[in-house]
Structure formats: C-alpha cells, structure tokens
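Student: Please walk me through this fold. I would like to learn how to read its sheet and its surface.

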Amino acid sequence: MSTPSSGTSGWRPGMPGGDTLPSGPAGRPAAHAGDGHGPEMGPPTVTIGSYPDYPSAQRVVDYLADNRFPVEHTAIVGTNLTLVETVLGRMTTGRAALLGAGTGAWFGIFVGLLFGIFTAGDNWIAIILVALVVGAIWGAVFGAVTHAMTGGQRDFTSASSLRAGQYAVIVDAQFAEQARQLVGRMHLTASPQTR
C-alpha cells in the first residue's frame with residue numbers, strides 16, 4: 001500500500017483513481033448509484049409541527065394514523081440532541097465483584113440448565129447449583145480484576161441517554177396539505193378540553 005508523500009496530499013475526488021473510495025474504519029464503503037454528489041435523497045418533506053417532547057409528536061402521528069392518513073410518509077425528527085450520562089453511584093472493587101458475581105451466577109444457571117437437560121436421574125438440581133456457584137465465583141473474580149485494571153480511571157457507574165430539545169413531525173411534500181388540515185382539526189378538538 002502506498003502512502004502519500006506529504007501530510008496535505010491525500011485522497012480527493014477527481015484524482016486519478018478518485019472513482020474508488022478509500023477504506024475507513026468499517027472497511028471499504030460500497031459506491032452508491034448516483035451522481036457522486038452525496039447520498040440519494042428521498043422525496044422533499046415539509047415540517048407540519050414542532051413539539052417540546054416526544055409524546056406530543058407521537059400523539060400527532062397517532063392522530064394522523066387514526067384518521068387514515070398514510071403515516072408511512074411521516075417521520076419524527078429530534079433536533080438539538082444532548083447526551084445525558086446519569087451517574088448511578090460509586091464503583092468500588094467490592095461492588096464490581098458483587099456485580100460480576102450476579103452476572104456470573106446468571107450465566108452459571110444457564111449453563112447448568114443446559115447440562116441438566118441431558119442428565120439422567122435426580123442429579124440435575126445439583127448440576128444447576130454447582131454451575132451457579134462456580135459462575136458466581138468466576139464472575140466475582142473477573143469483575144474485581146477488571147475494575148482493578150482500570151486504575152481508578154472510572155470509579156462510578158452510569159447510564160447514558162440521548163435527549164432531543166425539540167421534535168418535529170415531517171411529512172412528504174405531496175401529503176403536506178392533507179396533514180396540515182388533520183393537525184388543525186386535532187388542535188381545534190383538543191383546545192376545548194384544555195380550557
């Protein structure tokens with residue numbers, strides 16, 4: 001494989017061999033059938049409403065579906081995305097071992113059940129119990145060692161979620177007028193209830 005002679009010379013469209021794309025971390029991308037100016041675009045779309053939360057946008061699409069609108073031409077698009085990582089607690093070697101023991105115990109039960117199916121007689125309960133204990137021990141050891149190897153770089157547990165600041169309901173342009181009329185009717189019927 002040849003390397004570029006300078007840091008600024010790399011692959012560019014229009015270069016000899018520019019019709020083939022360079023391979024990336026996921027391998028060589030497949031070329032798409034198009035004009036070479038980006039991915040194929042779908043039909044033009046129109047935003048029929050923006051909502052502060054997902055349930056509101058979902059209610060609009062549900063209302064459209066209830067009124068026989070072809071909802072396969074709609075989409076809910078979240079914008080202003082924010083990644084929120086909620087810290088659940090402190091992680092110690094003991095807690096890592098305990099969590100590993102729990103995971104190992106479940107895996108041990110699974111393996112014990114597999115072996116127990118093929119065991120004749122009353123020994124299948126003993127096989128499941130032994131597999132549970134061995135799985136818990138190995139899970140605890142593995143959890144403790146794995147946490148100790150991090151060297152205190154991440155001494156907490158967390159859960160990540162992706163949140164949008166706003167949700168837009170979009171429809172294909174050819175169905176936009178029909179969708180707007182239905183959404184207008186929805187808001188008219190909803191407003192007397194909110195008063």
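Tutor: Start with one pair. Tyr-51 stands opposite Tyr-167 in β3. The model is predicted, so local features need pLDDT of at least 70, side-chain atom pairs count only at pLDDT 80 or more, and totals for chains, interfaces and linings use all residues. Residues are numbered from 1 along each chain as its sequence is written, and side-chain values use heavy atoms, with hydrogens and water left out.

Student: What counts as a helix or a strand, and how many helices and strands does the protein have?

Tutor: Both are DSSP runs, numbered from the N terminus: helices are H or I with at least four residues, strands are E with at least two. Here there are 4 helices and 3 strands. Along the sequence they follow β-α-β-α-α-β-α.

Student: Which strands pair, and in what order?

Tutor: Two strands pair if DSSP finds at least two bridges between them. The 3 strands form an open sheet in the order β1-β3-β2, with antiparallel pairing. β1 (45-51) and β2 (74-90) are the edge strands, each pairing on one side only. The twist averages 30° from one strand to the next.

Student: How many bridges join β2 to β3?

Tutor: 15 bridges join them. Val-87 stands opposite Ser-158 in β3. β1 pairs with β3 (residues 156-172) over 6 bridges. There, Val-46 has Val-171 as its bridge partner in β3.

Student: Where do side chains point along a strand?

Tutor: In a regular strand they alternate between the two faces of the sheet.

Student: Which strands does helix α1 lie across?

Tutor: Axes are lines fitted to C-alpha atoms, for helices over the stretch in contact (heavy atoms within 4.5 Å). Angles run from 0 to 180 degrees between N-to-C directions. Helix α1 (residues 54-66) lies across β1, β2 and β3, at about 145° to β2.

Student: Which residues form the nonpolar patch on the surface?

Tutor: Like charges are joined within 9 Å, nonpolar side chains (Val, Leu, Ile, Met, Phe, Trp, Tyr) within 5 Å. Here the patch is Val-130, Val-133, Val-134, Ile-137, Trp-138, Val-141, Val-145 and Met-149, with about 810 Å² of accessible area together. Areas come from the Shrake-Rupley method with a 1.4 Å probe; for residues, only the protein chains shown count as cover.

Student: Why is Val-134 called partly exposed?

Tutor: Buried means under 20% relative accessible area, exposed over 50%, partly exposed in between (1.4 Å probe, protein chains only). Val-134 is partly exposed because its relative accessible area is 40%. Its place is in helix α3 (residues 124-149).

Note on methods:
Patches are made of residues with over 30% relative accessible area and no salt bridge: like charges are joined within 9 Å, nonpolar side chains (Val, Leu, Ile, Met, Phe, Trp, Tyr) within 5 Å. A salt bridge is a side-chain nitrogen of Lys or Arg within 4 Å of a carboxyl oxygen of Asp or Glu.
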